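Please read it with the structure open.

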Amino acid sequence: MCLAHQLARNFDASRSEAFAERLVNTLNEGALCLMISVGHRTGLFGTLARIQAGDSHAIAEAAGLQERYVREWLAAMTTARVVEYDPEHGTYRLPPEHAAFLGGGERSDNIAVFAQYLPVMAGVEDEVVECFSNGGGVPYERYRNFHRVMAEDSGITVLSSLFDHILPLAPGLVERLEAGIEVLDAGCGSGRAVNLMAERFPASRFTGYDLSPQAIDAARREAAEKGLANATFEVRDLSDFDASAEPGRFDLVTTFDAVHDQARPLRLLRGIQRTLKADGVYLMQDIHASSELHNNLEHPIGTLLYAISTMHCMTVSLAQGGEGLGTMWGRETALELLREAGFGEVRVHRLEHDFQNDYYVIRKP
């Protein structure tokens, strides 16, 4: 039997049709994701939740936006069944059940925040496609709005629960912060966690390191606006931190979603181990996943996270000549690297509100 006949016999037409239907749905859902990002950035979801119902002119006026753009956006939201439309009165309404996941501000269920990653990644598609052929990576500075989106993401997953849930994972840590200790946040981004802790614990001293000058500038501006004399920030490449870290300087080191996109993750971890005091604590937040692909098949946002890895986390590491560990490095690899870095006790925690992250409380031997 020739190959063509064999393929024809094995072809499942119903499976093919179902897949085609899925792809068409994917196009619609991808477009919806972009429109959700637009609605979040323009404040339209908040406006709709506030005024309850109105025509496109009333909604545009309330939001301070151009009616023609608002009307077309509302059409996209209506056909996506996100917004309800009353053709008799020409009014639009965002059901409260939908608003709960789209306009919640810094809450863990504000999914509109995460929709912003799609346009951020699309902005470097040409460069990433080129890397598929030529290797290398796309550097941090090519990503417009990434640090703003990451700060919002951190706000709803980390900052909202930092004092009530995350810091208390290490027994006695809050009391030490209140008494006054030295703290480092490695890969601090725009410094929101550092500044929040510095404001809450004035007796402690906080330092933030990040590779991005733009992020460090934002962190310094916020610290200055808040009058925080106990928070300092430094542009620093952590790929050689194992050699450059000051031994025994810090009582607490934190990394929030920062290890996996470093050029040399193991060197960073060894540097953290080196710079911790003997009784110090390392608190690491990173993506909840397995290092084995087959274990991630039922991950609720596995496709999204592998896409973010391809379009950002992996490629920015490769752009530095790094290892390209990727977003989904997983708990198994994390534990192995922590062991290689020389740490002793490691306890891994999950938080009820945060399905996408693991929280590691780590100490020296």
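**Notes on the predicted model**

1. Residues 24 or more positions apart account for 70% of the contacts in the protein with a separation of 6 or more. The model is a predicted one, and the points below should be read with that in mind.

2. Overall content. The protein has 18 helices and 10 strands. Its C-alpha trace spans about 70 × 70 × 35 Å along the principal axes. Of the 365 residues, 46% are buried.

3. The seven-stranded sheet. An open sheet is formed by 7 strands, in the order β6-β5-β4-β7-β8-β10-β9, with mixed pairing. The edges are held by β6 (231-235) and β9 (346-351); each has a single partner strand, so one side of each has no neighbour in the sheet. On average, and with direction ignored, neighbouring strands of this sheet are turned by 20° against each other.

4. Strand β9 runs antiparallel to β10 (residues 354-363), and 5 bridges join the two. Which residue of β10 is the bridge partner of V348? The partner is Y360. Helix α10 (residues 146-157) packs on the sheet, where it touches β5 (205-210) and β10. The direction of α10 makes about 80° with that of β10.

5. The three-stranded sheet. A further open sheet has 3 strands in the order β1-β3-β2, and its pairing is antiparallel.

6. Packing of α3 on α4. The axes of α3 (residues 44-51) and α4 (residues 56-63) come within 9 Å and cross at roughly 115°. The two helices are therefore roughly perpendicular to each other. The crossing of α3 past α4 is right-handed. On the α3 side the contact is made by L44, T47, L48, R50 and I51, and on the α4 side by I59, A62 and A63. By class, this contact has 6 nonpolar residues, 1 polar and 1 charged.

7. T47 is located in helix α3. Is T47 buried or exposed? T47 has a relative accessible area of 3% and is therefore buried, the cut-off for buried being under 20%. Apart from its neighbours within four places in sequence, T47 is in contact with I59, A62 and A63.

8. C33 in α2. C33 is part of helix α2 (residues 13-42). Its relative accessible area is 17%, so C33 counts as buried. When residues up to four places away in sequence are not counted, C33 touches A115 and L118. The C-alpha atoms of C33 and V316 are separated by 24 Å, and these two residues are 283 residues apart along the chain.

9. S204. This residue is in the loop between α13 (192-200) and β5. With a relative accessible area of 0%, S204 is buried. Which residues does S204 contact, leaving aside its neighbours within four places in sequence? They are R176, L177, G180, I181 and N230.

10. Positive phi values. Most residues other than glycine have a negative phi. R81, which is not a glycine, has a positive phi of about 65°. R81 sits in the loop between α5 (67-79) and β2. Its relative accessibility is 64%, so R81 counts as exposed.

11. A further positive phi. D257 has a phi near 55°, a positive value in a residue other than glycine. The place of D257 is the loop between β7 (250-256) and α16 (265-275). Where R81 counts as exposed, D257 counts as buried, with 17% relative accessibility.

Technical notes:
Residues are numbered from 1 along each chain as its sequence is written. This is a predicted model: local features need pLDDT of at least 70, side-chain atom pairs count only at pLDDT 80 or more; totals for chains, interfaces and linings use all residues. Side-chain values use heavy atoms; hydrogens and water are left out. Axes are lines fitted to C-alpha atoms, for helices over the stretch in contact, and angles run from 0 to 180 degrees between N-to-C directions. Helices (H or I, at least four residues) and strands (E, at least two) are DSSP runs, numbered from the N terminus. Angles under 35 degrees count as roughly parallel, over 145 as roughly antiparallel, 65 to 115 as roughly perpendicular and the rest as oblique. A crossing is left-handed if the near helix is turned anticlockwise from the far one by less than a right angle, and right-handed if clockwise. Contact means heavy atoms within 4.5 Å. Ala, Val, Leu, Ile, Met, Phe, Trp, Tyr, Cys and Pro count as nonpolar, Asp, Glu, Lys and Arg as charged, and the others, Gly among them, as polar. Two strands pair if DSSP finds at least two bridges between them. Buried means under 20% relative accessible area, exposed over 50%, partly exposed in between (1.4 Å probe, protein chains only).
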